[in-house]
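Please read it alongside the sequence and the coordinates.

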Amino acid sequence: MNNPVSPAGPSGMAPGTPPVLQLRGIGKFFPGVIANKDVDLDVWPGEIHALLGENGAGKSTLMNVVTGIYQPEEGEIILDGYGQTFTSPQEAIRAGIGMVHQHFKLVQAFTVAENIHLGWDEAPRLASPAVMEARTREISERFGFPVDPAARVCDLSAGEQQRVEILRVLARRARLLIMDEPTAVLTPEETGELFRALRAFRAQGNAVIIISHKLDEVMEISDRVSILRGGRKVGTFRTADCNPSMLAATMVGRDIVRRNMRARPEGAAPIAPQPIMQLRNVSVRDDRGVDTLRDVSLDLHGGEILGIAGVAGNGQRELTHVLTGLMARTSGEIVLDGSVVDRADPALFAHAGVGHIPEDRLRSALAPSLSITTNMALREYAHPPIGRHGLYDAGAAGVLAHDIAELAQVRIPDFGMPIRNLSGGNQQRLVARREIRIASRVLVAAYPARGLDIGAIATMLGYLTDLRDQGVAVVFISEDLEDLLNVSDRIGVMFHGRMMDVIDAENADIATIGMLMGGREPTDLQPGGPR
Amino acid sequence: MATRAFQRLPTAPAGRILALRLVAIAVSLCIIAGVLALSGHSPAMLAELILRSTLGSRFGLEDLMLFMCPLLLTGAAVTVCGTIGLWNIGAEGQFYAGAIAATGVALGLHGPVLVVLPLMTIAGILGGMAWITVPTLARAYAGVNEIITTLLLNFIASLLTYYLTTGPWRDRISGAQVSTQRLSVSMPEMWGIVHWGFPVAIMIVVGLALVLSRTRWGYEIRMGGANPEAARYAGIPVRLRIISVMLLSGGLAGLAGMFEVAGTVHRLQGGMANNFGYLGIVVAVLARGSCLNVIPAALLMALILDSGIVMQTQQLSASVILAITGLILFMIAIGDELAHYRPVATTPAKGKA
């Protein structure tokens with residue numbers, strides 16, 4: 001495909017100028033996990049460098065290494081041509097590396113000026129509020145980030161809080177600013193302001209690393225892009241040579257082995273002609289007024305697996321929640337078994353046979369402090385044999401928990417112990433089996449293979465095809481194109497809350513999916529259409 | 001060579017907690033004995049006196065049960081609220097509200113006991129529920145922190161009781177201070193001065209334990225308290241469950257007030273709640289979220305209260321009892337925490353760190 005460009009920096013720089021930051025062979029390991037391995041990275045003065053990768057690709061770990069939060073097991077960090085080791089974040093800050101985290105680290109009850117001066121060794125001793133506010137005003141004007149120094153942080157919008165975070169870092173003379181998903185909490189206007197300010201910062205010969213998985217923003221703001229996948233760097237590219245679809249494909253793609261798991265065994269249920277559930281022009285608008293789901297129409301047929309591809313954060317979560325009754329739609333219609341559903345009521349959907357393996361299952365589908373038995377009864381406590389005449393039969397719940405654990409092949413010493421005593425992988429298997437049990441019509445599985453090892457992934461995909469063969473409509477949301485292509489009958493591709501296209505998986509080619517994931521209109525992709 | 005180290009586990013087995021609590025109480029008693037000896041009292045003599053006048057005599061046992069009765073109900077009120085993850089700090093106020101409502105029925109309605117007493121019971125429960133209504137609705141619909149709202153209403157209920165017992169309802173017959181006249185109906189007595197409220201309170205606590213573990217409603221409450229997000233995911237109407245649990249909690253505390261008026265004091269008096277509402281929080285904390293544990297916890301608390309009265313007869317200040325309560329709770333908290341630790345064998349790290 002595309003070859004990485006040479007690591008040389010932007011042109012127009014005095015010969016011999018070293019990169020602001022050079023990483024050589026960085027490796028960072030956690031028990032059982034390789035978070036980073038053999039990562040090389042050069043960041044030059046006067047560039048905005050985007051770091052792109054899926055969830056768990058190792059972006060945050062790498063930046064935590066650069067800012068001294070973690071110490072790398074392998075490799076070296078070179079600043080302005082000199083090797084450095086940081087034993088604490090303070091040392092990284094002194095060396096001119098500042099990071100703005102996705103979740104702000106501000107004291108809500110303090111004023112902007114107090115937050116800027118907090119823990120800053122250049123803050124004057126015994127400074128009055130007036131002095132601190134004057135200093136803050138000066139800093140704010142110098143760097144071009146307007147803030148009100150006397151305002152309390154808790155009264156500020158997310159965008160304003162982010163400006164305070166950036167100023168905190170810049171006031172400490174950062175020459176390299178690292179931003180983790182900076183636009184996740186911003187409105188489009190605030191994003192525009194942020195980008196203007198970052199360009200001004202770059203113009204002064206400073207450097208910015210911006211972590212993101214929003215492709216069009218990367219295209220807009222960055223000079224070069226480095227892509228991480230599975231903890232390793234795939235390559236560094238000049239943004240001018242890239243386009244969103246190529247970035248998307250590089251980010252999620254790997255050498256894909258296509259195995260057709262679409263073949264039905266003898267006696268399997270055929271794809272039902274009538275859809276079980278339909279979305280008709282469904283849109284969702286969130287609290288900030290952002291459209292997270294735009295005009296999505298889908299038909300779910302029994303006996304069919306519908307894969308949903310897309311870069312994380314393009315509306316998959318909202319789609320999942322709308323399909324399971326956890327989120328109300330803003331407009332459009334949801335039809336379940338031929339009748340329109342008016343209310344978003346998860347109990348109604350579950351009762352109609354809609355199972356749901358949520359993305360953050362350990363947090364939202366289990367009560368960690370309650371027993372395994374209690375957790376396994378969550379979907380069936382209201383129905384016989386567990387629930388009868390308003391009673392809850394703990395014995396029947398125990399039988400159910402045993403059944404689920406046996407199917408999930410999880411060995412449990414004591415069903416009365418809190419479920420948090422089990423490993424995360426085992427908790428996941430139990431949730432998956434519990435949801436499959438109630439999914440008599442539809443199963444919505446969001447990233448069901450995430451965090452599992454290869455054997456467990458194969459088992460999980462087997463569960464999905466088994467359900468399909470029983471005539472259940474399966475919605476399979478994943479970021480792994482190989483899995484999607486292997487089990488899905490059709491694949492829908494999401495971008496910015498829109499369902500760009502739904503294509504036949506059998507003949508789908510990866511380049512087309514990549515282009516749709518990057519926001520290309522399907523009409524542009526028609527043979528003979530404009531390219 | 002292997003060294004011993006301690007690891008904190010997320011859960012502690014019940015048997016270990018119980019053992020460490022007994023140790024904690026024993027340690028507290030030793031400290032108390034030491035301090036008493038230093039201040040010139042004979043710990044042995046005091047201990048004997050306390051044992052004889054609480055567990056060791058019929059009058060002592062009767063007193064103990066009278067103390068336990070309101071503690072069982074307020075302890076259950078706080079525990080049941082805690083099951084859904086909320087703190088009812090207002091059992092004291094709901095106790096007064098129940099007592100006031102029951103007294104109102106008794107003062108205003110003259111009839112056979114079989115009619116008046118059930119009406120007083122209903123009034124007491126409704127009084128407690130009414131007192132928690134505003135915090136309940138504020139919590140369920142506006143997310144207002146129930147700890148603050150329930151706490152603040154305590155002072156209003158207490159002052160309302162003082163107003164009624166010195167104003168419109170003051171005792172015009174015997175002229176008792178800050179009190180209504182003696183009520184014409186009372187809870188029938190069961191054993192000595194112990195009224196039927198005591199076994200009823202025990203049955204209520206046991207019943208609640210069954211309801212929480214053996215009904216659909218109880219399951220939903222436990223799930224809603226342990227992880228509200230998972231409860232919503234399963235379609236449990238968490239808001240409605242919060243409302244029902246808080247009203248139940250208020251009703252239990254109100255019933256405690258009614259029992260106290262109709263069974264023990266036989267009149268409404270200013271200050272009659274005697275911190276039973278606040279001690280209910282202590283009982284609930286000791287019970288660690290289990291309704292059945294409320295019974296031994298209430299017994300322990302009643303013993304401490306009763307001992308305090310005995311000690312006051314020995315020229316020890318009333319605040320001594322507060323200090324003792326605090327010490328025992330402090331030691332038990334330490335014991336509970338220690339129950340989480342388990343020794344693990346570790347080998348010293350070799351090579352690079």
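Which residues in helix 8 of chain A are buried? They are S245(A), M246(A), L247(A), A248(A), A249(A), T250(A), M251(A) and V252(A), where buried means under 20% relative accessible area, exposed over 50% and partly exposed in between (1.4 Å probe, protein chains only). This is a predicted model, in which local features need pLDDT of at least 70 and side-chain atom pairs count only at pLDDT 80 or more, while totals for chains, interfaces and linings use all residues. Residues are numbered from 1 along each chain as its sequence is written, chains are lettered from A and ligands numbered from 1 in the order in which they are written, and side-chain values use heavy atoms, with hydrogens and water left out.

- Helices (H or I, at least four residues) and strands (E, at least two) are DSSP runs, numbered from the N terminus.
- Because eight of its nine residues are buried, helix 8 of chain A is largely enclosed by the rest of the structure.
- The cover over its buried residues includes strand 3 (48-52), helix 7 (215-221), strand 9 (224-229), strand 10 (232-238), helix 16 (481-487) and helix 17 (510-517) of chain A, with contact meaning heavy atoms within 4.5 Å.
- T250(A) belongs to helix 8 (residues 244-252) of chain A and counts as buried at 6% relative accessibility.
- A polar atom of the T250(A) side chain lies 2.6 Å from the backbone oxygen of M246(A). A polar contact is a pair of N or O atoms within 3.5 Å; within protein, one must be able to donate a hydrogen and the other to accept it, and residues adjacent in sequence count only if both atoms are side-chain atoms.
- At the start of helix 8 of chain A, the backbone nitrogen of M246(A) has a side-chain oxygen of N243(A) within 2.8 Å.
- Helix 9 (residues 316-323) of chain A has seven of its eight residues buried, and G325(A), just after this helix, takes a positive phi of about 80°.

**Nonpolar cores**

- A nonpolar core is a set of buried Ala, Val, Leu, Ile, Met, Phe, Trp, Tyr and Cys residues joined through side-chain atoms within 4.5 Å.
- The largest core has 121 residues, of which I372(A), L430(A), M120(B), M223(B) and M258(B) touch the most other members.
- Helix 10 (residues 238-265) of chain B gives the most to this core, with 13 residues.
- Apart from it lies another core of 77 residues, including W120(A), I139(A), A439(A) and A505(A).
- Beyond its neighbours within four places in sequence, I372(A) contacts residues including I412(A), F415(A) and L430(A).

- The axes of helix 4 (residues 91-108) and helix 10 of chain B come within 6 Å and cross at roughly 55°. Axes are lines fitted to C-alpha atoms, for helices over the stretch in contact, and angles run from 0 to 180 degrees between N-to-C directions.
- Helix 4 and helix 10 of chain B are therefore oblique to each other; angles under 35 degrees count as roughly parallel, over 145 as roughly antiparallel, 65 to 115 as roughly perpendicular and the rest as oblique.
- Helix 11 (residues 276-287) and helix 12 (residues 294-313) of chain B have axes that come within 8 Å and cross at roughly 130°.
- Helix 11 and helix 12 of chain B are therefore oblique too.

**S39(B)**

- S39(B) sits in the loop between helix 1 (14-38) and helix 2 (43-53) of chain B and is partly exposed, at 46% relative accessible area.
- Its side chain reaches the backbone oxygen of L36(B) at 3.0 Å.
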